[in-house]
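Please read the following report alongside the sequence and the model. The report takes up aromatic contacts, loop residues and a pocket in turn.

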Amino acid sequence: QLQLVESGGGLVQPGGSLRLSCEGSGFTLASYAIAWFRQAPGKERDRVACINSSGSSINYADSVKGRYTISRDNAKNTVYLQMISLRPEDTAVYYCAARRTSYLSRNCRDITYYDYWGQGTQVTVSS
């Protein structure tokens, strides 16, 4: 069974840091472009960051530029989202998504673009 498994969420104080992981189970992420999305209560699911299959092309939502870093280790079949300087408005369920392509498409922010989704991991930023 093909799955994406997120981990690393939790409760953190404003200004703190977290690193999320997205691991492929049953398939090789090296052939997939990956995105991180987040969804806060009552809001739409929005793209946070996208990375192509090799890691050579990346883009970010304006709201997280300079604070979030997406990266991947294809040898470990894992994509990461390093988050620093966290704010209460970053509170959301974070999801990773995968599409079988080597490219970073302009469609990477579209939730219908992806073949697979993880179950999500909760990130709460609160004092």
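Over the face of which residue does Arg-45 lie, at 5.0 Å from the ring centre? The residue is Trp-117, and a charge is taken to sit over a ring if NZ of Lys or CZ of Arg is within 6 Å of the ring centre and within 35 degrees of the ring normal.

## Basis of the model

This is a predicted model, in which local features need pLDDT of at least 70 and side-chain atom pairs count only at pLDDT 80 or more, while totals for chains, interfaces and linings use all residues. Residues are numbered from 1 along each chain as its sequence is written, and side-chain values use heavy atoms, with hydrogens and water left out.

Eight aromatic pairs are found when the whole structure is searched; rings of Phe, Tyr and Trp (its six-membered ring) pair if their centres lie within 6.5 Å, and planes under 30 degrees apart count as stacked, over 60 as edge-to-face and the rest as tilted. One of these pairs joins Tyr-113 and Tyr-114 edge-to-face, with 5.2 Å centre to centre and 90° between the planes. Tyr-114 also pairs edge-to-face with Trp-117, here at 5.9 Å centre to centre and 75° between the planes. Ring pairs link Phe-37, Tyr-95, Tyr-113, Tyr-114 and Trp-117 into a cluster.

Burial is described by relative accessible area (buried under 20%, exposed over 50%, partly exposed in between, with a 1.4 Å probe and protein chains only). Tyr-113 counts as buried because its relative accessibility is 11%, and Tyr-114 is likewise buried at 9%, whereas Trp-117 is partly exposed at 27%. Besides lying over the face of Trp-117, Arg-45 places its charged end over the ring of Tyr-95, 3.6 Å from the centre of that ring.

## Buried loop residues and their contacts

Helices (H or I, at least four residues) and strands (E, at least two) are DSSP runs, numbered from the N terminus. Thr-101 lies in the loop between β9 (92-99) and β10 (116-117) and counts as buried at 15% relative accessibility. Leaving aside residues up to four places away in sequence, Thr-101 touches Ser-31, Tyr-32, Ala-33, Ser-53 and Tyr-113, where contact means heavy atoms within 4.5 Å.

Arg-67 is placed in the loop between β6 (58-60) and β7, and its relative accessibility of 7% makes it buried. With residues up to four places away in sequence again not counted, the contacts of Arg-67 include Gln-82, Met-83, Ile-84 and Ser-85.

Asn-77, although not a glycine, has a positive phi of about 60°; Asn-77 lies in the loop between β7 (68-73) and β8 (78-83) and is buried, with 15% relative accessibility.

Ser-85 is a residue other than glycine with a positive phi, near 50°. Ser-85 belongs to the loop between β8 and β9 and is partly exposed, with a relative accessible area of 37%.

## Largest pocket

The largest pocket has a volume of about 200 Å³. Of the 14 residues that line this pocket, the closest to its centre are Arg-38, Ala-40, Lys-43, Asp-46 and Glu-89. On a 1 Å grid over the protein atoms alone, a pocket is an open set of points where a 1.4 Å probe fits, with protein on both sides within 12 Å along at least five of seven lines, and lining residues have an atom within 4 Å of a point; points are joined across faces, edges and corners, and the volume is the space filled by probe spheres set on them.

Strand β5 (residues 46-51) gives the most to this lining, with three residues. The lining divides into five nonpolar, two polar and seven charged residues, where Ala, Val, Leu, Ile, Met, Phe, Trp, Tyr, Cys and Pro count as nonpolar, Asp, Glu, Lys and Arg as charged, and the others, Gly among them, as polar.
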